Amino acid sequence: MKQVDYDVIIVGGGPGGMTAGLYASRAQLKALLLEKMIMGGQMMTTTLVENWPGYPGGINGPELMMKFQEHCVEFGLETGYGSVEKIIDNGDHKVLIVDGKEMTTRTVIVATGVVARKLGVADEEALTGRGVSYCATCDGAFFRNVPIAVIGGGDTAVEEALFLTRFASKVYLVHRRDELRATKILRERVAANEKIEPVWDSTVEKLESDNSGLTGAVLNNLKTGEKRTIEIQGMFVAVGVTPTTGFLGDLVELDASGYIKAGEDTNTSCPGIFAVGDCRTTILRQVSTAVGDGAVAAIMSERFVDELAHQG
Ligand code: NAP
């Protein structure tokens, strides 16, 4: 068998990737966790995580991720930064092209998560950073005592709207239907918050701006066709996510939305490549489910490496 650099390379440093790294290094696999930008993934832009067991009252996303990282270091996990451009399957080993350089490994755990989807309205890109944002935790404090809008009706939109009431004078929650997708507890909090005005059945048709940035949005009521202009200085887009799987090409099977087809055992269509967390097909995308996947993938990886060793 060809000599390789690692038993397992984990791509992505969110909760799923870090858990895979922790289990793999504890199982004494030669493991590397590669992260493109910031260790911690989406949790680094999450204010309060209320549903991670063991923390009644909740814990801040970045604080939780610091603890995950410390725990990985305790087991000696090697970590590095780099963008994986391509993975080539050579059967008993995989070649990763990372920032133009080759790395070899027996197995790969893909834990690349998702990125925020754009709204697709004119000037959205030009106004990003000048009123348009995709992260309330990052940018919320810039909008003190001014009206803003959050677009979307899922858990992210509602959590962001609630968080933003700390700063903004008013938060319009613009949703394309008349019922929020978010969980009941969050829907109830929206209903009880006087600073939030839901705008139902509506989408953003146009953004208005001047030299200082965003000044308003023209909303279109999908049921009545009525147009309404709201004066806002901030617009937080939370209309869902797209999986970060493009770099895989056709190496593994993806579903129609780009999620890696993988079940509870984290096996993908390519032997030796496992998928964990938000980037795989699953019914629930949470820290807790990503963590479970990470543990399973590390054990699957260990078994795969053992089987190769016995064969060869
Ligand atoms: P999501 O659940 O897919 O919700 C996206 C929302 O945006 C939906 O309400 C959708 O409307 C709306 N939308 C989609 N495209 C749109 C468009 N072009 N124009 C206007 N509105 C549009 O996404 P998410 O809220 O980012 O959540 C992603 C995953 O993370 C979910 O599984 C969620 O449960 C999970 N999450 C969990 C927590 C938590 O447990 N605390 C927090 C955040 C996220 P429709 O409803 O009409 O489809």
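## Arg280

In this predicted model, Arg280 lies in the loop between β19 (273-275) and α6 (287-311), where helices (H or I, at least four residues) and strands (E, at least two) are DSSP runs numbered from the N terminus. Arg280 counts as buried because its relative accessibility is 8%, buried meaning under 20% relative accessible area, exposed over 50% and partly exposed in between (1.4 Å probe, protein chains only).

Leaving aside neighbours within four places in sequence, Arg280 is in contact (heavy atoms within 4.5 Å) with Tyr259, Ile260, Ala262, Gly263, Glu264, Ala275, Arg285 and Asp293.

## Arg187

Arg187 is found in helix α5 (residues 184-192) and, with a relative accessible area of 34%, is partly exposed. Not counting residues up to four places away in sequence, Arg187 touches Leu180 and Ala182. Between Arg187 and Thr156 the C-alpha to C-alpha distance is 12 Å, while 31 residues separate them in sequence.

The loop between β9 (114-116) and β10 (132-133) holds Arg117, which counts as partly exposed because its relative accessibility is 41%.

On the surface, Arg117 gathers with Arg176, Arg177 and Arg181 in a patch of positive charge; patches are made of residues with over 30% relative accessible area and no salt bridge, like charges being joined within 9 Å and nonpolar side chains (Val, Leu, Ile, Met, Phe, Trp, Tyr) within 5 Å. A salt bridge is a side-chain nitrogen of Lys or Arg within 4 Å of a carboxyl oxygen of Asp or Glu.

## Basis of the values

Residues are numbered from 1 along each chain as its sequence is written, and side-chain values use heavy atoms, with hydrogens and water left out. As this is a predicted model, local features need pLDDT of at least 70 and side-chain atom pairs count only at pLDDT 80 or more, whereas totals for chains, interfaces and linings use all residues.

Notes. Accessible areas come from the Shrake-Rupley method with a 1.4 Å probe; for residues, only the protein chains shown count as cover. Lys and Arg count as positive and Asp and Glu as negative; His and the chain ends are not counted. The place of a charge is taken as NZ of Lys, CZ of Arg, CG of Asp or CD of Glu.
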